[in-house]
Structure formats: C-alpha cells, structure tokens
Amino acid sequence: MRSMIRPEDLLCPRPAGLYCPPGDFYIDPVRPVARAVITHGHADHARPGHGAVAATPQTLRIMAERYGEAFAERREPADYGQTFGRDGVEVTLVPAGHVLGSAQAVVRWRGLTMVVSGDYKRRRDPTCAPFEPVPCDVFISEATFGLPVFTHPDDAGEIARLLRSVAQFPERAHLVGAYALGKAQRVIRLLREAGWTRPVYVHGALERLNRLYESEGVALGPIEPAPLAPCSGALPGEIVLAPPSAIADRWARRFADPVTAFASGWMGVRARARQRGVELPLVISDHADWAELIATFTELRPGELWITHGREEGLLRWAELNGMKARALRLVGYEDEGGEDAPAAQATERA
Ligand SMILES: [Zn+2]
Ligand SMILES: [Zn+2]
C-alpha cells in the first residue's frame with residue numbers, strides 16, 4: 001500500500017504555504033486559509049485571519065497576545081503528543097526546541113509519516129521543551145543557517161562576553177537587541193543562570209510576551225521597564241533589552257553612550273554586525289546551525305529530505321554526497337530569523 005502513495009500526495013507546496021490535500025489544511029500558511037496548523041508564534045509562521053487554527057496552547061496564547069482574541073474564527077489547541085484527525089490524516093505536534101510552544105507537525109496518512117519541523121534547534125534552551133526526533137519517511141527542514149560557515153558558539157560563552165563588557169564599562173548602559181518572542185526571554189534566563197541578579201530593563205514591546213512566558217512557568221527574575229524619556233547617563237552598568245529595530249532608532253538616544261549589542265545567529269557574520277552598527281555582536285540563535293542540521297538528518301535518516309526557507313543549496317549537496325534523496329521546496333514568505341523585526345511586528349511597540 002505504501003508504494004502507492006507519493007509524499008507529494010500528502011503535502012505539497014502551494015502559494016499560500018505547505019498544503020495537505022487529503023486533510024484539507026495548510027501548515028504555517030502565509031495567507032488566510034480555512035484550516036491551518038501552526039508550528040510556532042513567530043510572525044512569519046503564525047499569521048492572523050485563518051478559519052480554524054490548530055496549534056499548541058502556548059502558540060495560541062502567543063497569537064492572541066499579538067493579534068487580539070479574534071485572530072482566528074476557531075482555536076483547536078493540541079498538547080504535545082496529542083493526535084488529532086483531519087479527514088483521515090493524523091497530526092501530532094511534538095517539541096521543536098525553537099521557542100515556547102514551538103512544535104514540529106508530524107503528519108501520518110496510510111502508513112506514510114512526514115515531519116514538518118517548522119523552525120528548530122538542537123541545543124538546550126531553558127525557555128522551551130527540547131526538540132524531539134521522530135522517525136519519518138520525509139523530514140521537512142528549515143535551512144536558515146544551512147551552510148558550513150554557520151557554527152553557533154556556546155550561548156553561555158556569549159552571555160559571559162556580555163557580562164565582561166558590563167564589568168569593563170560600568171559607566172555605560174548595555175542595550176541588547178533581541179527578538180520579542182523567544183530570544184529576549186532566553187537571553188534573560190541565560191543571564192540569570194550566569195548569576196546576574198540585578199533587574200533587567202526592558203523596552204515596552206517585550207513586556208507582554210515576558211509576562212506570558214512567566215505565566216507559562218519560565219521565571220525571568222526582576223524585570224523593570226526601560227526609562228520613558230531621555231536622561232543623561234541613564235542606567236549605567238545595567239542591561240536593557242529591546243527589539244533589534246529600537247537599538248538603531250531614536251528610542252536608543254535616551255541612553256548616553258550605550259554599548260549596543262544584538263543577540264542573533266546572524267551576528268556570526270561580521271558584515272551584518274557592522275552594517276547594523278552593533279558594537280557587541282552576540283551569536284545566540286534559535287535556529288539549528290550547520291552541524292545541528294547535519295546531525296539531525298544523520299540521526300533521522302529519512303527516506304527523503306525536503307528543504308525550505310533559507311540556504312538550500314549546501315544541504316542539497318550534502319544530501320547528494322551522503323546518498324539521501326532531497327529536494328528544495330522554495331516556499332516563499334518566511335524570513336531570516338523569526339520575521340520579528342518586520343514593521344508589522346513593531347506596530348504594538350511602546351516607549
Ligand atoms: Zn522560520
Ligand atoms: Zn521561528
């Protein structure tokens with residue numbers, strides 16, 4: 001029976017996103033659709049305006065927080081490991097290790113198992129459940145950092161660099177750019193693990209998601225709002241978190257001579273840090289680097305590998321050299337890292 005079914009019959013790329021014809025639903029659609037399964041709350045994967053949305057309870061909460069309670073006509077919460085049906089197609093959400101509530105969608109139909117990873121990483125993250133490998137016929141992987149040059153260092157080492165800079169420049173505030181969903185909370189937790197007990201000051205745009213994380217059991221310690229108005233010598237020796245766009249705009253002028261930092265996987269690329277005027281680049285990513293991607297494919301050994309949003313070519317070449325059948329999906333509408341810096345995501349920004 002298996003041989004009768006092609007993976008393309010179960011999941012296929014359409015302009016609105018990855019579509020499942022027998023189940024009549026999309027995964028992370030980029031346009032409004034009748035039925036959606038959403039892997040996680042980043043703005044480019046979780047968009048408002050769908051009919052029914054199936055996702056983890058955390059992802060549904062994140063969407064309601066960002067878009068308002070009317071973000072979809074119907075919510076269909078599914079805990080990790082809980083299987084739900086869609087016209088004979090079974091879907092199970094399992095942890096992806098990317099951000100709070102993030103999931104891989106495991107799609108099963110007539111003996112065929114396909115896993116849509118969404119975005120994922122393999123290293124430890126104190127703010128979310130770790131990636132769970134699921135044996136499958138087809139693994140659909142993101143490729144944000146899909147080139148051998150991308151090697152993310154240990155995150156504790158990056159936080160140690162930040163704390164060394166704070167000790168070295170006690171008269172300056174340290175402004176750390178971090179995406180509002182996931183990265184900001186992870187940086188705060190890593191600071192706590194490194195022994196930073198002082199309040200962490202946050203830009204208004206981070207407050208609601210910080211509260212949501214806290215209510216989901218991710219303790220962040222003392223948090224204070226960043227000052228509302230310019231004041232000279234504001235917050236010397238303190239750490240201030242803000243969305244990356246705020247670091248470069250007028251908002252940052254309320255701090256006298258701050259050290260500007262940015263926590264992102266892209267900070268491993270010198271030119272990107274320079275281009276953004278970042279003085280202290282911190283290479284902290286919520287995406288798998290090259291080694292994590294390869295380790296995942298080697299561990300899973302799927303019958304087929306489908307690669308999407310990012311740098312496909314290097315991974316296709318690797319698959320070819322390693323005798324793994326692979327193809328690029330070329331889905332459009334997904335951004336480099338979370339799409340969190342897009343103008344729409346900044347609309348709710350305060351102070
Ligand atoms: Zn993505
Ligand atoms: Zn993401």
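1. H45 has a relative accessible area of 1%, so H45 is buried (buried means under 20% relative accessible area, exposed over 50%, and partly exposed in between, with a 1.4 Å probe and protein chains only). The model is predicted, so local features need pLDDT of at least 70 and side-chain atom pairs count only at pLDDT 80 or more, while totals for chains, interfaces and linings use all residues. Residues are numbered from 1 along each chain as its sequence is written, ligands are numbered from 1 in the order in which they are written, and side-chain values use heavy atoms, with hydrogens and water left out.

2. Across the whole structure, a search finds 23 salt bridges (a side-chain nitrogen of Lys or Arg within 4 Å of a carboxyl oxygen of Asp or Glu). One of them joins D286 and K121, whose closest N and O atoms are 3.0 Å apart, and both residues are buried.

3. R123 forms a salt bridge with E292, again with the closest N and O atoms 3.0 Å apart. R123 is partly exposed, with a relative accessible area of 25%, whereas E292 is buried at 8%.
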